[in-house]
Structure formats: C-alpha cells, structure tokens
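Trainee: I would like to learn how to read a contact between two chains. Please take me through an example.

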Amino acid sequence: MRFIFKTDYDQDIRILKHSGYWWSYGVLLAVMLAAPYLLGSYLQSQLVFVFIYAIVGVALMILTGFTGQASLGHAAFLAIGAYTAGFMQSLGVPFIVYFPLAAILTGVVGALVGFPALRLHGIYLVIATIAFAFIVEEVLARWESVTHGNEGMRVRALDLLGMPVPRDSEAFYYLCLLVLVGAVLLALNLLRSPTGRAFVAIRDSETAGKSMGIDLAAYKVKSFAISAAITGLAGVLFAHKMTFISPEMFTLLLSIEFIMVIIIGGAFGVHGAIFGAIFIVMVDPFLTALKDDLPVLVASIGDSLGMSPEAAGQLREKLAKIGSAAGLKGAIYGLIIMMFILFEPYGLYGRWLKVKLFFQLFPLYKRATFKRQKTYVKSERNR
Amino acid sequence: MLDFIQQLVSGIALGCVYGLIALGFVLIYKATEVVNFAQGDLMMLGGFFVFTFIGLMGIDYWLGFLFAVCGMAVFGMATERVLVRPILGYPQFSIVMATIGLGYFLRSIAGMIWGTDDLRIETPFSAGVLKIGDLVLAHDKLSVIVATVILCAVLYAFFNYTRMGTAMRATSENMLAAYYMGIPVKRVVSLIWAISAAVAACAGVLLAPITFIHSNVGLVLGLKAFPAAVLGGFGSIPGALVGGLIIGVIESLAGFYLPQGWKDIAPYLVLLVVLLVRPQGLFGLSMRKKV
C-alpha cells in the first residue's frame, strides 16, 4: 500500500499523481510504440480499430460518463467526420487542413444537437439523438453530389504532407495512437479543469449544479460540441482505415456499439473507454475463433472423459451446427450487454479496480467496498 | 381530394399500428419509469407464438390468440423477474441498455428457432375490405384500428379508475413511498410487465397479416413506435394513440406528396420540432424544481 505525502495543492489535480503512474504508463506507451514490430499485420490492424473505437469511447465518456447526457447518435458524428474527410480529399484539400476541419464541423453540428438537449433529459434526449442520427443517415444517402448516396464513397490513402500513409502501414498505426493519446490527455485535462468539474456537477444533480451558479445551457452545449469534435476526428481515421464509406455503415447499431464500449468498459473513467474498445473490437475475432475451436475442444474433453467416439463426434457436430447458426453473434452480444449490466455495472475498469484493491489491501479486502447502495425509483418527472 | 383522404385513412391505420406498440412502452414507463427498448421485439415474439399455435399446431384463431397473449404475459413477468428487478432503481440508462441487449438476444434467438423467412398465418381478417363510397380499407387494418382504440380505452380506465391502476401511478412517482403505503411494489411491477407484454402480443397477432412475421419486424416497427410514444408524452395512454396517429399520418402523407426519402425522416423531423417546443411531449406532464 502506497501512502502519498502531500506537500502541494497541485498534487490533487496532477494527471500523473505519483511515480507509479510514470512507470506503468511509460511501460504501456513503450509497448504500444513497439507493438507494430512485435505483432502480425492482422493484430496491428485490429489495434488500429481499438484505437478508433477508444477515441469515440473517450468522446462518449465526456458526454455520457461525465456530463450524464446519454447519446445514441454518435455514429452520425462519426459519419460526418468520415464524409468530411472523403469529400475534402476528393477536392484535393490536404490532410492537415481537413483533419481539424472535420473536428470543427462535427463540433458545430454537435453544438446544434446540444441545443435541444438543454430542454431534454433522460429518455427524451436519447430519442432526440436517435432521430438526429436517422436524419443524418438519410441525408448521406440522398445528397448524392457530395456523398455519392448509397453507392458509397472511396477514400484514397491518407497523404500526410506529401508522404503517403496507407491504411496498413505502421505510420497509420502511430497516427491513430497519437490521436488517441491526445484525446485521452484532453479528456483528463478537461476533467481537472473548472469545465470538467461543471460537467460532473451537471451529471450528479442539475438542480444542485444550477444553484452553485453553473450555466447548464453553456456547459451542456460545450460537452456535446467537444464530444462530437473528438468523434469527428475518429471519423476521419475511420474513413481512411476502411477506404470505403457508405451510409449503411453508420446506423443505430454502430451507435449502440459505441455505448456498449463505455458500458462494458465502465462509464466513470477514461480507462473504461479503452478497456471497452478492446473488448468490443476483440470480441468478434474471439467468437469466430471460438466457433471453430470449441466443438473440437469439447469433443476431445468428452473423449478423454471416456465418451464413446461416436457420441463425441455427434456432440462436436451439434456444437458446430449451433455455432454456425445465423444470428448467434447477436444473441451473444445481447447476453454480454445484459450480463455486464446485471453483474458488473462498473464494467471492466471496475473489475480492474477491484482486483487492484484486493492486492493492495491483501488480507483485508472487503467485498462490501464496492457494494452498490440500494436505491429506489423516484419519478424523473419532477426532479 | 380522394387521394388525400385515402392517404389519410391509411396513415391512420398505420398510426394505430404504431400507437398499439407505443402503448406497451407507455404502460411500463407509466408504472415504473423504465423504458423498454425491447418492446418491438416482444411484439415480434408474440407474432411467433401465434404462428406456432395457429400455423404449426393448427389451433383455432381466437384460441391461439388467447394462448399467445397469455404466453407473452408469462414471458413478460419472467423478463421482469430476471432482467429488470435486479437493476430497478439504478440510472435509467442502464435499464435502457439492458433492454437493448434483450432485444438483440430475442431477435437472434427467434431467428434461430423459427428461421429468417417471412411467415404468415390465416386470420379472419386476412381477406375482405370495407368500402365506404370510393374509400377502401382492408379488414386487417380495420382490426388494428378497433383493437388499438379498445385497448387504449380499457387501459386508460384501468389506470385512472381502479385501485391497482392508482397503485401503479403511485409506484411510478416514488417507489419507496408507495411501499410504505402498503402497495406491493414488486407485484405491481411484475403485473405491469405482464400487461405490457400481453399488449405487445396483441400487436404482434394483429399485425401478422399486414407485416408478416419475421425476426426483424420488432426492430423496424419499434423504432417508429418509439417516437410515437415520445411525441405523445411518454406516460400518457391517449398520448400514445395520438402520437402514433401523428407519426402514421405524417409518414403516409410525406410518402405521397414529398420526394422519395422524406417518408422515412419526416416523422423524426416532426419529433425534433415538437421536442424543441414542448420537451415533455404533447400530453406529458413535466414539472421542474425551481432553483
């Protein structure tokens, strides 16, 4: 157990609170920098997707996790970023111009979405963001002179100051990593500033926040704008990674996936966005691998337990049949969401904290530390 | 003019479909302030239940209808017990996510059990049309309109004039206080899920001849019914019907008079405008603590 002797007021708000942070995050960064040379091209490509999802996760964390404004429309912000990149590139605008431009554009759109959010809360806000996402999706499909409609749009390889950065290159990996680190630092810095504290106050109680003199309207719009702008940056990277974008890639299901990132990761800290992104991106290849290997594995276990070869073979075939059934992925996705909400409401990061605390306090760990307080439903109608 | 009236009538029929599903949303919200995103999928499941009873087992239509409704009521109770009760009282959004997860789960399980083809059943309303002058209205759509109006009226009376309805309203205001007043809160919540699932089953059965039964029908219709519920003011039973009618009529008229593409987004545009003007929906009650 580490005891920190505080000698300075700034110690409370430092991003790297003590030497342990330097060590662990330094090592993490070093591993991430070395990763392209250690991993195969497939895993490197998956990591790029993890980074992109994590950037969106951080953005959503600012909005949902810190400010408490739920959004099921982030796929639309991603789409706006991606299409800005595609369109600007086709006009010959260089990357260093359209990258920030995408952020500004989505930020402005985000602020516009934030305005109705001033008067809406809870479920009304969720439905408003869904409506917004539908409208954006339809506009993308119809505005053919810019977006090429449902045919979709090719995005050429990224061109960074005359240096081509193809989607599978190490340079692209580092670019995504850089943007992610930037987004994380931005979120952490925001959180320790008055703005971030205002966000958290709004999340905890709008009434209390208002009576402390927080301008709800300004901060909600700010939160939406910042979140949308970061998502727009992710959108540019997404477009270059996919090399092809079309409206049906940015549906409600993608927005739900983004929300899953922070729910599964744990919606109370920036770590959660990263954990959640790793989980969401990796669950798909993991399930595919499981589908191929699990029947064989189960059959061989059955075999070693003295099952007859025919029975083991039948078992394997049956499992393979279930595994290849259409829509199994959806069922497992659904189960994962429900299980996390029921049994691990603090997400993967919450589990990580529990494990950490267990070792820190070794013989003295109490389960009750993380027990949720029993709460009762109270009408939100007159809060 | 006749075109307009015909579009209006088919819009009203469509609106009643949305209203019927929205009714399920509203019921659960009204009693427990939980939003059930899987409502459309409960409806889909009701459709599959009735297909199993009528299409596969060959039971009489009305008896099969009854079985499906009862089966869904039990299913609704089970869902409440397993999924909702443990997280009741935690932030609303986590319950929303849990029901989104449930929706995913039900959709793919239904697809695995009953296949992904469009299924259809023979109903007494399948053929037959009602003609008033030059106006044509199919019986299956008429059955939806009638059922929606009856269900709305019955449930409205239930909420406003019975002891159980009052208990449900009290529960939604403040669960702890309701418990202290001797209201069996757990039973109330369980019952409302049963009722809501039964309403979803009614919708599923009545829609079976119109939309056919397939595993994605709930997602598609649920996403349209949801704005209907919000438009009417979540938590108002007549509001669900009115919201559904508005969405249905707008969609129908936009499809007829406006260029392609407007049909799908017009309801959402109207929804955003209404929410800007009246954030609590048309019939919703909203009070805010003044600071």
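Trainee: How many salt bridges are counted between chain A and chain B?

Mentor: A salt bridge is a side-chain nitrogen of Lys or Arg within 4 Å of a carboxyl oxygen of Asp or Glu. Between chain A and chain B the count is zero. This is a predicted model, in which local features need pLDDT of at least 70 and side-chain atom pairs count only at pLDDT 80 or more, while totals for chains, interfaces and linings use all residues. Residues are numbered from 1 along each chain as its sequence is written, chains are lettered from A and ligands numbered from 1 in the order in which they are written, and side-chain values use heavy atoms, with hydrogens and water left out.

Trainee: How is the size of an interface given?

Mentor: Often as the accessible area lost when the parts come together. Here chain A and chain B bury about 5200 Å² between them (accessible area lost, 1.4 Å probe, summed over both). Of that area, 71% is on carbon and sulfur atoms. The contact (heavy atoms within 4.5 Å) takes 54 residues from chain A and 57 residues from chain B.

Trainee: Is Cys16(B) buried or exposed?

Mentor: Buried, because its relative accessibility is 2% (buried is under 20%, exposed over 50%, partly exposed in between, with a 1.4 Å probe and protein chains only). Cys176(A) is buried too, at 0%.

Definitions and conventions: Buried area = accessible area lost by both parts, 1.4 Å probe.
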